[in-house]
Amino acid sequence: MARTQIPLLYIVIPCYNEEKVLPVTAPLFLGKLRELIAAGMIRQESKVLFVNDGSRDSTWQLIRGFSREDTHFAGISLSRNRGHQNALLAGLMEARDKCDITISIDCDGQDDLNAMNAMVEEYLQGAEVVYGVRSKRETDTFFKRTTAEGFYRLLKWMGAEVVFNHADYRLVSARVLREFSDFKEVNIYLRGMFPLVGFKSTSVYYERHERMAGESHYPLRKMLALAFDGITSLSVKPIRMITGLGIGISFVAFLLILYALISYFRGDVVSGWASSLIATCFLGGIQLISLGVIGEYVGKIYMETKRRPRFIIAERTEDAGQD
């Protein structure tokens, strides 16, 4: 069902050590916000909400400066660095009761801002969640493109509900955010969690550009950590695979035991260290890998039982403006 009421939008942007890129992209975000307001697609009170994720540079000072120059800018600062996913969650929860819709986007300027028009249009047509999906990955290196696409296929094979080639560029309604607030996991992977909420969803497609300034804060190490968190947070299939592997190896071992007993009673026994060494190393490696995967799940359970806050907001720009 199409909506007739003009929504209030918050554009939520996590920032970590982005003093080089913010002066370039902040005016672009403001320009897009004003364009949507002028087109009558969103309300005048809409804002750009920056989330400072414990930056060590002048990122927070820049955000405070933007908010003093234009009321369409706002910001919150976390008490320490909590990582991209927690910073994004903090922004979404901050905006939840202040707006009708949010659009989350990275601050590096790589995601096409014009896709926001299509996202808002889809919301007005009745969608509660609109995923921004990359139409192609020509700007990525061959290694990054191959590993990223392989990761999405792996997640799907593991049974996780993810949107292929979607990162964290998405529109989410306040209604969905209110329901999402009941998801209390400490180990979060937002792009795999929002599909679990349900409601009507759709996708818009766009091309991603090169980073406008500064350096990426997601090196291979962090990308692999995020990928592993995504798999272990959304699926228990690795545990089941370990069980299946154990059953398979046990069956092979049983056959080898039968073969050894038959050879022994036939007197056809040849002692050799090579076969024993190979079998020991193979089984030892499998056991260590299995213990590592199981340990990862146990560790996540340990962190979940502590019920620690996923983020703490230390400061808001409206509070600073009152000083």
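This is a predicted model: local features need pLDDT of at least 70, side-chain atom pairs count only at pLDDT 80 or more; totals for chains, interfaces and linings use all residues.
User: Which residues of α7 make the contact with α3?

Analyst: From α3, the contact draws on Gln85, Leu88, Leu89 and Leu92. By class, this contact has five nonpolar, one polar and one charged residues. On the side of α7, the residues are Leu190, Arg191 and Phe194.

User: Why is the ring pair of phenylalanine 180 and phenylalanine 194 classed as stacked?

Analyst: Phenylalanine 180 belongs to helix α6 (residues 174-180) and phenylalanine 194 to helix α7, 14 residues apart. Phenylalanine 180 is buried, with a relative accessible area of 1%, and phenylalanine 194 is buried with a relative accessible area of 0%. Planes under 30 degrees apart count as stacked. The ring centres are 4.3 Å apart and the planes lie at 15°, so the pair is stacked.

User: How far apart are the ring centres of phenylalanine 50 and phenylalanine 73?

Analyst: Six aromatic pairs are found in the whole structure. Phenylalanine 50 in strand β2 and phenylalanine 73 in strand β3 (residues 73-78) are 23 residues apart, and both are buried. Their planes are at 20°, so the pair is stacked, with a distance between centres of 5.8 Å.

User: Which residues are linked into a cluster by ring pairs?

Analyst: Leaving aside neighbours within four places in sequence, the contacts of phenylalanine 50 include Phe29, Phe66 and Phe73. Ring pairs form a cluster from Phe50, Phe66 and Phe73.

User: Which element gives the largest share of the largest nonpolar core?

Analyst: The largest nonpolar core has 37 residues, and Ile13 and Phe50 have the most contacts inside it. Elements that give two or more residues to this core are β1, α1, β2, α2, β4, α4, β6 and β7. The largest share, seven residues, comes from α1.

User: Which glycine just after α4 takes a positive phi?

Analyst: Helix α4 (residues 115-124) has buried residues Ala115, Met116, Met119, Val120, Tyr123 and Leu124. These buried residues pack against β1, α1, β4, β5, β6 and β7. Just after α4, a positive phi of about 120° is taken by glycine 126.

Methods
Residues are numbered from 1 along each chain as its sequence is written. Side-chain values use heavy atoms; hydrogens and water are left out. Buried means under 20% relative accessible area, exposed over 50%, partly exposed in between (1.4 Å probe, protein chains only). Helices (H or I, at least four residues) and strands (E, at least two) are DSSP runs, numbered from the N terminus. Contact means heavy atoms within 4.5 Å. A nonpolar core is a set of buried Ala, Val, Leu, Ile, Met, Phe, Trp, Tyr and Cys residues joined through side-chain atoms within 4.5 Å. Ala, Val, Leu, Ile, Met, Phe, Trp, Tyr, Cys and Pro count as nonpolar, Asp, Glu, Lys and Arg as charged, and the others, Gly among them, as polar. Rings of Phe, Tyr and Trp (its six-membered ring) pair if their centres lie within 6.5 Å; planes under 30 degrees apart count as stacked, over 60 as edge-to-face and the rest as tilted.
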